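Please read the following note with the sequence and the model in view.

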Amino acid sequence: MNILYLLIPLAMLFALVVGLLLLWAIRSGQYDDLEGPAHRILMDDDDPRIPTQPPASGSGGRGAAKERREADGQAPTSRRPEEAGSGTRDG
């Protein structure tokens, strides 16, 4: 019976700490976006076709390649070489 004098204040202290942590989490925005992480896990960040750095302006890119082809008299292509396969993306 004497143990209750220790356990009841410890339980109340524990409930107070949990309540304060919950209030801190709510106020700091931990529960603002509940669906974002679920959608981000589905994004394919390791796709080799995704550029890691944007091309420097004036040094290339699709626009410059198109201008070079037109200047050489070649017909412009409508697809990138990696898309010229089956037309669908297999993942």
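**Note on the predicted model**

1. Helix H1 has 24 residues and spans 34 Å from its first C-alpha to its last, close to the 34 Å expected at 1.5 Å a residue; the expected span is 1.5 Å times one less than the number of residues. Just after H1, Gly 29 adopts a positive phi of about 90°.

2. This is a predicted model, in which local features need pLDDT of at least 70, side-chain atom pairs count only at pLDDT 80 or more, and totals for chains, interfaces and linings use all residues. Residues are numbered from 1 along each chain as its sequence is written, and side-chain values use heavy atoms, with hydrogens and water left out.

3. The protein contains three helices and zero strands, in the order α-α-α along the sequence. Helices (H or I, at least four residues) and strands (E, at least two) are DSSP runs, numbered from the N terminus.

4. The mean pLDDT (the predictor's confidence in each residue, from 0 to 100) is 74, and 49% of the residues reach 70 or more.

5. Of the 91 residues, 4% count as buried, meaning under 20% relative accessible area (1.4 Å probe, protein chains only).

Terms used. Buried means under 20% relative accessible area, exposed over 50%, partly exposed in between (1.4 Å probe, protein chains only).
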